[in-house]
Amino acid sequence: MRASDSLDRIDLNILHILQQDGRIANVELARRVNLSPTPCLERVRRLERDGYIRQYVALLDPEKLERGLAAFIEVRLDRTTPDVFQIFADAVGRMDEIQEAHMVAGGFDYLIKVRVADMAAYRAFLGDKLSSIQGVAQTHTYMVMEEVKNTHMVPVPRTGG
């Protein structure tokens, strides 16, 4: 069953609006989805309880926090065994510089996104942290020159049951 099969048009609109503004007042959210405030709040609580809404966060400006340099790094491990995967996952989970880490199919094992202050900080991260993880055999880096699109938005079906 698809998620959109168990959610109606109002639920989907609530999810779409909350992705744009997680701090919207319930009264305003209710107005925008054509509900009264109490049923709207009940729907939001159900969406939270059912796991459609995982958490609410603040999106920070990396430039203002001196983390303006972004890079994507391909990581190849020396072995593709469960224990090596777990060691890698545990290590990257502890590294604040890593914003995303994805196991991928293809010519390498992981694609990670890092955010650091500058090239010196990147070299220190690569040499002192990433390359020192047991099992890391090779890395290949792509420095971000311009961010064309960066979004937290998950596409929400615009029609529902």
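This is a predicted model: local features need pLDDT of at least 70, side-chain atom pairs count only at pLDDT 80 or more; totals for chains, interfaces and linings use all residues.
Residues are numbered from 1 along each chain as its sequence is written, and side-chain values use heavy atoms, with hydrogens and water left out.

The secondary structure comprises six helices and four strands, taken as DSSP runs numbered from the N terminus (helices are H or I with at least four residues, strands are E with at least two). From the N terminus on, these elements follow the order α-α-α-α-β-α-β-β-α-β. The radius of gyration of the protein is 20 Å, well over the 15 Å that the globule rule gives for 161 residues, so the protein is more spread out than a compact globule; this radius is taken over C-alpha atoms, and the rule is 2.2 Å times the number of residues to the power 0.38. Along its principal axes, the C-alpha trace spans about 55 × 40 × 25 Å.

Of the 161 residues, 32% count as buried, a term that means under 20% relative accessible area, with exposed meaning over 50% and partly exposed in between (1.4 Å probe, protein chains only). Among contacts (heavy atoms within 4.5 Å) with a separation of 6 or more, 68% are accounted for by residues 24 or more positions apart.

The structure holds two aromatic pairs, for which rings of Phe, Tyr and Trp (its six-membered ring) must have centres within 6.5 Å, planes under 30 degrees apart being stacked, over 60 edge-to-face and the rest tilted. The ring centres of Phe85 and Tyr110 are 6.1 Å apart and their planes stand at 70 degrees, so this pair is edge-to-face. The pair links distant parts of the chain, with Phe85 in helix H5 (residues 82-93) and Tyr110, 25 residues away, in strand E3 (residues 110-116). Ring pairs link Phe85, Phe88 and Tyr110 into a cluster, and Tyr110 counts as buried at 6% relative accessibility.

Tyr110 is also among the residues touched by Glu74, which is found in strand E1 (residues 69-77) and counts as buried at 18% relative accessibility. When residues up to four places away in sequence are not counted, the residues that Glu74 touches also include Phe108, Gln138 and His140.
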